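User: I am new to this structure. Please show me how to read its packing features.

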Amino acid sequence: MKALKGKQGTLLDIGSGDGRIVIAAAKAGFKADGVELNQWLIRYSKLSALFNGVSSKTNFFRKDLFQFNMQKYNNVVIFGVDEMMHEIEAKFKKELKPNSSIVACRFPLPNCKPIKTIGTDVDTVWLYETPLQKQ
């Protein structure tokens, strides 16, 4: 959330897991959605959003992230793995509108220059803005 300070609008958490980022984003004022393959994590996330009082500001979708259209989002968070970052970078370039923010956690986008880096080691977060700048 520190990387998104001052941002607003819609947020997508790719691979949303237990929903904690989506819920934190909704509490911070975003209309926040998560996309996740694991149906049990989707159910848990929906219950957690309800218990946290943000279910009206959140949605969770059970979909393959590469089949999920990101065009309506102006903020995206991803905890990716190194092997997928080239492909997701291309998807960001194709689908995200100008001035969209991307927060990449654990692994950076391989061919892009971040506008900000926060943290160190496994807690490093890279902030990018579209259009993505080459390294």
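This is a predicted model: local features need pLDDT of at least 70, side-chain atom pairs count only at pLDDT 80 or more; totals for chains, interfaces and linings use all residues.

Analyst: Residues are numbered from 1 along each chain as its sequence is written, and side-chain values use heavy atoms, with hydrogens and water left out.

User: Which residues touch the most other members of the largest nonpolar core?

Analyst: In soluble globular proteins, nonpolar side chains tend to be buried together. A nonpolar core is a set of buried Ala, Val, Leu, Ile, Met, Phe, Trp, Tyr and Cys residues joined through side-chain atoms within 4.5 Å. Buried means under 20% relative accessible area, exposed over 50%, and partly exposed in between (1.4 Å probe, protein chains only). Here the largest core has 21 residues, and Ile14, Phe92 and Leu109 touch the most other members.

User: What other core is there?

Analyst: Another core, of 20 residues, lies apart from the largest one and includes Ile21, Ala26, Ala32 and Leu127.

User: How many aromatic pairs does a search of the whole structure find?

Analyst: Rings of Phe, Tyr and Trp (its six-membered ring) pair if their centres lie within 6.5 Å; planes under 30 degrees apart count as stacked, over 60 as edge-to-face and the rest as tilted. The search finds two pairs. Phe61 and Phe68 have ring centres 5.3 Å apart and planes at 45°, so they form a tilted pair. Ring pairs join Phe61, Phe68 and Tyr73 in a cluster.

User: Is Phe68 buried or exposed?

Analyst: Phe68 is buried, at 8% relative accessible area, whereas Phe61 is partly exposed at 26%.
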